[in-house]
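Have a look at the structure first.

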Amino acid sequence: MGAIVVIDKSTLQSMREQASSRMNAEICGILEGRFLSPQECEPDSLRVNITAYHPIDNIERMPLRAFTMDPKQLIDTRNDIYARDNHVVGCFHSHPLWSSNYSSVDSGVAQQVNEEAVWIICGIS
C-alpha cells in the first residue's frame, strides 16, 4: 500500500526549526491531523494530512542517541487532540548526529506503533 503524506507548511517549518535548534538531543513529538477515508483517496493508498506538530520532552537518559517521550505530556497532548475531534497520526523525531534513515532503535520502536501511523525523522547532520 502506498502512502501520501501532506504536511501543513507552517507545521513543517516548526518541525525543522526545533530540530535544528537542538543539536545536543533528539527532539520528539506527535503529529496531529487525520487519515482520509478510502473514498477520499486512490485505491490501495493511504493519505494522511498533518496539520500540527506537538513537541514532547525527551526524557531519555542518553537523549543524543534515542528518545523517550515524557508520558504525562504525551497523554495530556493526546487528550487535547482528541478533545478537538482530531487524531494522532504519527510521530516525529530528529537525528542530530546522522541522517534521517531509521536506526536500529527506531525500527524497534516503530513496530510498537500503529502500522498506519506516520513516522517522520529529521536528519540534521
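Predicted model: local features only at pLDDT ≥ 70, side-chain atom pairs only at ≥ 80, totals over all residues.

The cut-off for calling a disulfide is 2.5 Å between the sulfur atoms. By that rule, the disulfide count is zero.

Where do the cysteines sit? Two of them can be compared by their accessibility:

| Residue | Relative accessible area | Class |
|---|---|---|
| Cys28 | 1% | buried |
| Cys122 | 18% | buried |

Cys122 makes the buried class because the limit is under 20% relative accessible area.

In soluble globular proteins, nonpolar side chains tend to be buried together. Here, the largest nonpolar core has 13 residues, and Leu31, Ile50, Phe92 and Ile120 have the most contacts inside it. At least two residues of this core come from each of α1 (9-21), β3 (45-56), β4 (87-95) and β5 (118-123).

Skipping its neighbours within four places in sequence, Leu31 is in contact with Met15, with Ile50, Ala52 and Tyr53, with the run from His87 and Val88 through Val89, Gly90, Cys91 and Phe92, and with Val118 and Ile120.

Apart from that core there's another one, made of nine residues, and its members include Ile56, Phe67, Ile81 and Cys91.

The side chain of His54 makes a polar contact of 2.6 Å with the side chain of Glu32. Again leaving out neighbours within four places in sequence, His54 is in contact with Cys28, Gly29, Ile30 and Glu32, and also with Thr77, Ile81 and Arg84.

**The whole chain**

Zooming out, the protein has three helices and five strands. Going along the sequence, they come in the order β-α-β-β-α-β-α-β. Of the contacts between residues at least 6 apart in sequence, 70% link residues at least 24 apart.

As for burial, 35% of the 125 residues are buried. The accessible surface is about 7,600 Å², and carbon and sulfur atoms account for 50% of that.

Note on methods
Residues numbered from 1 in each chain as written. Heavy atoms only, no water. Core = buried A, V, L, I, M, F, W, Y, C linked by side-chain atoms within 4.5 Å. Buried < 20%, exposed > 50% of the residue type's maximum accessible area, 1.4 Å probe, protein only. Helix = DSSP H or I, 4+ residues; strand = E, 2+ residues; numbered from the N terminus. Contact = heavy atoms within 4.5 Å. Polar contact = N/O pair within 3.5 Å; in protein donor to acceptor, adjacent residues only side chain to side chain. Areas by Shrake-Rupley, 256 points an atom, 1.4 Å probe, with all protein chains shown as cover.
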